[in-house]
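Hi,

Here is the structure I said I would pass on to you.

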Amino acid sequence: GEAPLLRLDDRAWPERLSSTERSVVTRVAQGATNREIAAGLTLSVKTVEAALTRSYRKLGARSRVEIARIGRRAIIMASNAAIATAPSTAVARQRAR
């Protein structure tokens, strides 16, 4: 059967994908074309297409728009996590003393 459509707040989606699939989905979310993704990752366009096809299936997405939404949400969550775990400037200054 098909995978159920992933909720956009599902933090486990990267674990479902290979590193290549994650990279491709992230670049789709950034608006890159398959050709641009292939050039940026030094892959063939066919490899990018295959990675996208597997990603659609694994994530239960039916369109590039859905894949892009999932990828954008992941980028935002990763960015927020990095900000939340980064020491504040004041704390960093105190530690440097």
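A word on ground rules before the details. This is a predicted model, so to speak of a local feature I needed pLDDT of at least 70, side-chain atom pairs count only at pLDDT 80 or more, and totals for chains, interfaces and linings use all residues. Residues are numbered from 1 along each chain as its sequence is written, and side-chain values use heavy atoms, with hydrogens and water left out.

**The overall picture**

The protein chain comes to six helices and zero strands, and from the N terminus on its elements run α-α-α-α-α-α. Helices and strands here are DSSP runs numbered from the N terminus (helices are H or I with at least four residues, strands are E with at least two). Of the 97 residues in the chain, 27% are buried. For burial I used relative accessible area: under 20% is buried, over 50% is exposed, and partly exposed is in between (1.4 Å probe, protein chains only). Contact means heavy atoms within 4.5 Å. Among contacts with a separation of 6 or more, 60% are between residues 24 or more positions apart.

Helix H4 covers residues 45–59. Its 15 residues should span 21 Å at 1.5 Å a residue, and the end C-alpha atoms are 21 Å apart, which agrees. The expected span is 1.5 Å times one less than the number of residues. The buried residues in H4 are Val-48, Ala-51, Leu-52, Ser-55 and Leu-59. They cover an arc of only 100° around the axis, which puts them on the same side of H4. The arc is taken from the directions that run from the helix axis to the C-beta atoms. Turned away from that buried side is a face with the exposed residues Lys-46, Thr-53 and Arg-57. After H4 comes Gly-60, with a positive phi near 70°.

**H2 against H4**

Helix H2 (residues 19–29) packs on H4 at an angle of about 90°, with the axes 9 Å apart. That makes H2 roughly perpendicular to H4. Axes are lines fitted to C-alpha atoms, for helices over the stretch in contact, and angles run from 0 to 180 degrees between N-to-C directions. Angles under 35 degrees count as roughly parallel, over 145 as roughly antiparallel, 65 to 115 as roughly perpendicular and the rest as oblique.

On the H2 side, Thr-20, Glu-21, Val-24, Val-25 and Val-28 do the touching, and they meet Val-48, Ala-51, Leu-52, Arg-54, Ser-55 and Lys-58 in H4. By class, this contact has six nonpolar, two polar and three charged residues. Ala, Val, Leu, Ile, Met, Phe, Trp, Tyr, Cys and Pro count as nonpolar, Asp, Glu, Lys and Arg as charged, and the others, Gly among them, as polar.

Within H2, Glu-21, Val-24, Val-25, Val-28 and Ala-29 are buried. They cover an arc of only 140° around the axis, which puts them on the same side of H2. Gly-31 follows H2, with a positive phi near 95°.

Ala-29 is worth a click: its relative accessible area is 8%. Leaving out residues up to four places away in sequence, Ala-29 touches Ala-68, Gly-71, Arg-72 and Ile-75. Gly-71 is 42 residues from Ala-29 in sequence, yet the two are 5.1 Å apart in space, C-alpha to C-alpha.

**H3 against H4**

Helix H3 (residues 34–41) packs on H4 at about 110°, with the axes 8 Å apart. That makes H3 roughly perpendicular to H4. Asn-34, Arg-35, Ile-37 and Ala-38 in H3 meet Val-45, Val-48, Glu-49 and Leu-52 in H4. The contact divides into five nonpolar, one polar and two charged residues.

In H3, the buried residues are Asn-34, Ile-37 and Ala-38. Seen down the axis, they fall within an arc of 100°, so they line one face of the helix. The face turned away from them carries the exposed residues Arg-35 and Ala-39.

Thr-42 sits in the loop between H3 and H4. Its phi is near 50°, a positive value in a residue other than glycine. Most residues other than glycine have a negative phi. Thr-42 counts as exposed, at 71% relative accessibility.

Happy browsing!
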